[in-house]
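Biologist: I am new to this structure. Could you walk me through it, one question at a time?

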Amino acid sequence: MYRVILIDDDRWALKDIRKTFDFERFGFLVAGEYLSAEEAFRAIVASPPDLIISDIRMENASGLELVKWLKEKQIFPLFIIVSGYDYFDYAQEALRQGVFDYLLKPLDDAQVNQLMERIVQH
């Protein structure tokens, strides 16, 4: 089984991610849920997952900052950014950082299933 970590500073958003992504169907186990990039970073360094799904804007550090921190540690899981912000600059920076995909909230079931199929094929 693949391991996935979820990161969002909003508990309801974490529940929505769990509800929308059919992780088990695609062979993923949710290895952790975190309310901040800093908390997630410590867990990821200790035990790197295969996939990270993270909000882009959080209280102290962003999902994109987390991507940079992991690169510095030579940790390269697939990274999905989930955002409520439709700012081109965010999407552009995510691509520059090597993020696998960028999804806008609210999440669309069909789009998420297509993404999971692409991840498994990857």
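Biologist: Is Phe21 buried or exposed?
Modeller: First, a word on the source: this is a predicted model, where local features need pLDDT of at least 70, side-chain atom pairs count only at pLDDT 80 or more, and totals for chains, interfaces and linings use all residues. Residues are numbered from 1 along each chain as its sequence is written, and side-chain values use heavy atoms, with hydrogens and water left out. Buried means under 20% relative accessible area, exposed over 50%, and partly exposed in between (1.4 Å probe, protein chains only). Phe21 has a relative accessible area of 2%, so Phe21 is buried.

Biologist: How many aromatic pairs are found in the whole structure?
Modeller: Rings of Phe, Tyr and Trp (its six-membered ring) pair if their centres lie within 6.5 Å; planes under 30 degrees apart count as stacked, over 60 as edge-to-face and the rest as tilted. A search of the whole structure gives a count of three.

Biologist: How are the rings of Phe21 and Phe23 arranged?
Modeller: Phe23 is buried, at a relative accessible area of 5%. The two ring centres of Phe21 and Phe23 are 5.3 Å apart. Their planes meet at 10°, so the pair is stacked.

Biologist: How are the rings of Phe41 and Trp69 arranged?
Modeller: Phe41 is buried at 19% relative accessible area, while Trp69 is partly exposed at 25%. Their ring centres lie 5.5 Å apart. The planes stand at 75°, so this pair is edge-to-face.

Biologist: Which helices hold Phe41 and Trp69?
Modeller: Helices (H or I, at least four residues) and strands (E, at least two) are DSSP runs, numbered from the N terminus. The pair links distant parts of the chain, 28 residues apart. Phe41 is in helix H2 and Trp69 is in helix H3.

Biologist: Are H2 and H3 roughly parallel or roughly antiparallel?
Modeller: Axes are lines fitted to C-alpha atoms, for helices over the stretch in contact, and angles run from 0 to 180 degrees between N-to-C directions. Angles under 35 degrees count as roughly parallel, over 145 as roughly antiparallel, 65 to 115 as roughly perpendicular and the rest as oblique. The axes of H2 and H3 come within 10 Å and cross at roughly 25°. That makes H2 and H3 roughly parallel.

Biologist: Which residues of H2 and H3 make the contact?
Modeller: Contact means heavy atoms within 4.5 Å. From H2 come Ala37, Glu38, Phe41 and Ile44. From H3 come Leu66, Trp69 and Leu70.

Biologist: Which residues in H4 meet H3?
Modeller: H3 and helix H4 (residues 88–96) pack with axes 10 Å apart, at an angle of about 10°. H3 brings Leu64, Lys68 and Lys71. In H4 they meet Tyr90, Glu93, Ala94 and Arg96.

Biologist: Is Ser54 buried or exposed?
Modeller: Ser54 sits in strand S3 (residues 51–55). Beyond its neighbours within four places in sequence, Ser54 contacts Ile7, Gly63, Phe79, Ile80, Ile81 and Val82. Its relative accessibility is 0%, so Ser54 is buried.

Biologist: How far apart in space are Ile17 and Ile53?
Modeller: Ile17 belongs to helix H1 (residues 11–20). Ile17 and Ile53 are 36 residues apart in sequence. From C-alpha to C-alpha, their separation is 8.6 Å.

Biologist: Which residues does a cis peptide bond join?
Modeller: Pro106 is in the loop between S5 and helix H5 (109–121). The cis bond has an omega of about -5°. It joins Lys105 and Pro106.

Biologist: Is Gln74 buried or exposed?
Modeller: Gln74 lies in the loop between H3 and S4. Gln74 is not a glycine, yet has a positive phi of about 60°. With 59% relative accessibility, Gln74 is exposed.
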